[in-house]
Amino acid sequence: MHITKSAEQITPFGGLNFCLDHYHQSGLAGLIDRHLGPRGANAAFGYSDIVANQLAVLLSGGDCAEDLGEHLSGPLAGIKGLSVCSPDTLLRGIKELSCASRKLRHPSSGVAHTFNINAPLNDLLLKALRMTGQLSRDTAYTLDYDNQVIATAKWDAARSYKSCYGYQPGVASIEGLPVYVEGRNGNSQASFEQAATLRRMFERLAANDVTIGSFRADAASYGREVLEVVQAYTERFYIRVRRSAAMEARIGEIPEAQWRRVVLAGQ
């Protein structure tokens, strides 16, 4: 048995040393500070520190910023590359990165819909994926788009079609990697103003030299305006058709000889 005496602080979250070392060595910390700029002359923590603290909370099993003060400040004090801040500083830094929401009213129902469009953070997301080699200039990717209800008890959450209060952001992903996020309240159905959302998404991707070859989405994207936008930015698209009596009638008019049998996911 070999015993080594050490004066270094022992922490149950030592694995964070590897994570944060990669965070700095990959250039992500520098990218965040360059892209978002300084927080202010009197700020002791930059935005890369804010992100590092948030990562430390999540990777240590914390649920909220307050865990940084209540449970994690001591164990995290010895982590290399992490300047531990207070929960208030963490929340203040995150709030500084937010942007004002937009209110849009449905022309027929009159229902007010809340959108949150954060272009700087979406640009940062794409630049980070490019810097880490997860996206390249030389590939035409398949992009997936969907809206997902996230149940929450936040004060501004609206009732969704799933009979719960929450948000319903639109999320685009490439090979499982999120590449664009646009906030929506829970009462905003996916089809409402989706063409405008997708146009903003494609413009952000193009501005960051990400090429989309194919687009995939569910029936919420089945509409003329959406199809026109998708067709303008991609070579091909796969969108599930909404079934209706009129559609069934049109399908029935197609001669059997024009159908081709295919196998999708074993079916």
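The following legends describe close-up views of a predicted model.

Residues are numbered from 1 along each chain as its sequence is written. Local features of this predicted model need pLDDT of at least 70, and side-chain atom pairs count only at pLDDT 80 or more, whereas totals for chains, interfaces and linings use all residues.

**View 1. The protein chain as a whole.** The protein chain has nine helices and 10 strands; helices (H or I, at least four residues) and strands (E, at least two) are DSSP runs, numbered from the N terminus. Its C-alpha atoms fill a box of roughly 80 × 50 × 35 Å along the principal axes. Of the 267 residues, 35% are buried, that is, under 20% relative accessible area with a 1.4 Å probe, protein chains only.

**View 2. The largest pocket.** A pocket is an open set of points on a 1 Å grid over the protein atoms alone, where a 1.4 Å probe fits, with protein on both sides within 12 Å along at least five of seven lines; lining residues have an atom within 4 Å of a point. The largest pocket has a volume of about 1800 Å³, a volume being the space filled by probe spheres set on the points, which are joined across faces, edges and corners. Its lining holds 46 residues, and those closest to the centre are Ile94, Asn116, Asn118, Leu121 and Val181. Among the elements that give two or more residues to this lining are helix H5 (87-96), strand E2 (112-116), helix H6 (119-131) and strand E8 (177-184). The lining divides into 27 nonpolar, 13 polar and six charged residues. Here Ala, Val, Leu, Ile, Met, Phe, Trp, Tyr, Cys and Pro count as nonpolar, Asp, Glu, Lys and Arg as charged, and the others, Gly among them, as polar.

View 3. Two strands pair if DSSP finds at least two bridges between them. Strand E1 (residues 102-105) runs antiparallel to E2, and four bridges join them; Arg105 has Ala112 in E2 as its bridge partner. E1 and E2 form a hairpin with six residues between them, and Gly110 in the turn has a positive phi of about 80 degrees. E2 is also joined to E8 by two bridges, and these strands run antiparallel. In this pairing, Asn116 has Gly183 in E8 as its bridge partner.

**View 4. The second largest pocket.** This pocket has a volume of about 240 Å³. Among its 17 lining residues, Ser191, Glu193, Gln194, Ala195 and Glu225 lie nearest the centre. Helix H7 (194-207) and helix H8 (224-233) each supply at least two lining residues, and H7 gives the largest share, four residues. The lining divides into six nonpolar, six polar and five charged residues.

Notes: Side-chain values use heavy atoms; hydrogens and water are left out. Buried means under 20% relative accessible area, exposed over 50%, partly exposed in between (1.4 Å probe, protein chains only).
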